[in-house]
Each structure stands twice: as C-alpha cells, then as structure tokens.
Amino acid sequence: MADETIAPRAPGQDSTRETTAPGTPLQDSRRETMAYIIGVAGWLVPGLGHALMKMWSRATMCFLTVGTLVILGAGMRGNLFSSRGNDAFDALGYLADLGTGTFYLLARALETGGADVSHAGGDYGTRFLATAGVLNLLSALHAYEAARGRKA
Amino acid sequence: MNAGMGLKLSHLQSMLLFALLISIAFGFLSRRQPIERVKYIVWSLLLFLLIGVGIGWAMYPFSR
C-alpha cells in the first residue's frame, strides 16, 4: 500500500511534514483548532482523523482494527462498562470503553444477550473492548499530533 | 452476527487475534514505509506471542 505521507500536498495541506515551520499567530491558532477537530473526529469515528488528513492507509487500518476488536469483544460477550460503576476499576473500564467513540454504541447494539464473564471468552472479550478504546484514543492522539505538524 | 450466542475462541486463538490486531495497528501508526511497517508488525507479533507464552509458562507452577 502506498504511503500517504509521501504524496505531494497543497500548501494548505502540509499537516504531515516532519517539523513545524514557524507561522503567524493566526495560522498557528487555526492549525491548533483544526488539530482539535481532527483529534475529536478521530475519537468519534475510528480512523476519521487520519482520513481528514488524507492518510488513507492509517485511517483504514485504524477503522478495521478497532472495529474488529469491538465486534470480537462484543461477540465474545465481554463486559461493556456503563457510567453506573461501583468502583474505580469500573470507572476506568468505562473510560476505556468510551475510547471507541461511536463504536461503543455498536458494541451495545451487538451485545443483545448482555455480558457473560463466567467463562474465559467473556473475560477476553472485556479486554478486547477496552483495548479497542485505548487503541482508538492512541490513534486519535496520533492524528492530533500529525495535524499540529509534529512528526507522524 | 448474533453476539447473543457468544463467539467461542480458544485461549490461543484469542491471544493470536489480539496480538495480530494490535501489532498491525502499532505498525501502521508508528512507521511510514510499507517495508518498515511489515518488519515492525512481524517483530511486534513475535514479541507479543513470545512474552504471552512465556508469562503463561511462568504462571504454570502456581496453577496447582
């Protein structure tokens, strides 16, 4: 697959260059705002942040890996934490699960039978779901940093 | 897919799938060139499996 960061870009689309070039305060402010939007978009829909920057292969792989982890985790009847947790671990699990963005709702829709962690598969499923969330947060952060002009 | 039925995977299958998916994601996020990505993915996958099996064997004496 061709690397998307090699392709030539228009002057306004230089967000993937290796280092940040000094710009006017207005340009910097605009870039920062765009970076936030890209970061949030990447969190809401896995891969969307990279897609907005035309980093197609990274966008596709983020979408597929996070999506597959969510589908497998829900299919294995992993525990999808809710906001009504009893302790700190539940709260951390909820934060991790929320990291999948809109895929959290997909996992909820897939788990029609509810969680079943009485067997190893369900426990693995819980880890798959949490990992999908953390991985998506990492991906969104990567997109944000790339949009700011950091090395990506 | 009917998730209500529950997907049945063995321990090894779960670990393999997990390691493969995470390795692919890491490879694509941290490397630019395709050849570098493949090298990173293979290396990461091998380490995941090696360390996973290693930890499994390290816990074996305490399992009984």
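Leaving aside neighbours within four places in sequence, B:F26 is in contact with B:Y40 and B:S44. Two residues are in contact if their C-beta atoms, placed from the backbone, lie within 7 Å. This is a predicted model: local features need pLDDT of at least 70, side-chain atom pairs count only at pLDDT 80 or more, and totals for chains, interfaces and linings use all residues. Residues are numbered from 1 along each chain as its sequence is written, while chains are lettered from A and ligands numbered from 1 in the order in which they are written.

Stay with B:F26. This residue lies in helix α1 of chain B. Helices (H or I, at least four residues) and strands (E, at least two) are DSSP runs, numbered from the N terminus. B:F26 counts as partly exposed because it has 19 C-beta neighbours inside 10 Å. A residue is buried with 20 or more other C-beta atoms within 10 Å of its own, exposed with 12 or fewer, and partly exposed in between.

Now take chain B as a whole. Chain B has two helices and zero strands. Of its 64 residues, 22% count as buried. Its radius of gyration, taken over C-alpha atoms, is 15 Å. A compact globule of 64 residues would have a value near 11 Å, by the rule of 2.2 Å times the number of residues to the power 0.38. Along the principal axes, the C-alpha atoms of chain B fill a box of roughly 45 × 35 × 10 Å.

Chain B also meets chain A. Here 20 residues of chain B are in contact with 30 residues of chain A. Helix α1 of chain B (residues 11-30) gives the largest share of chain B's side, 10 residues.

Turn to chain A. Its secondary structure comes to six helices and zero strands. Of its 152 residues, 43% count as buried. Among contacts between residues at least 6 apart in sequence, 75% join residues at least 24 apart.

One helix pair in chain A deserves a look. The axes of helix α3 (residues 56-75) and helix α5 (residues 103-110) come within 9 Å and cross at roughly 30°. Axes are lines fitted to C-alpha atoms, for helices over the stretch in contact, and angles run from 0 to 180 degrees between N-to-C directions. The crossing angle makes α3(A) roughly parallel to α5(A), a label for angles under 35 degrees. Among the residues that meet are A:V66 and A:V70 in α3(A), and A:F103 and A:L106 in α5(A).

Note on methods: Angles under 35 degrees count as roughly parallel, over 145 as roughly antiparallel, 65 to 115 as roughly perpendicular and the rest as oblique.
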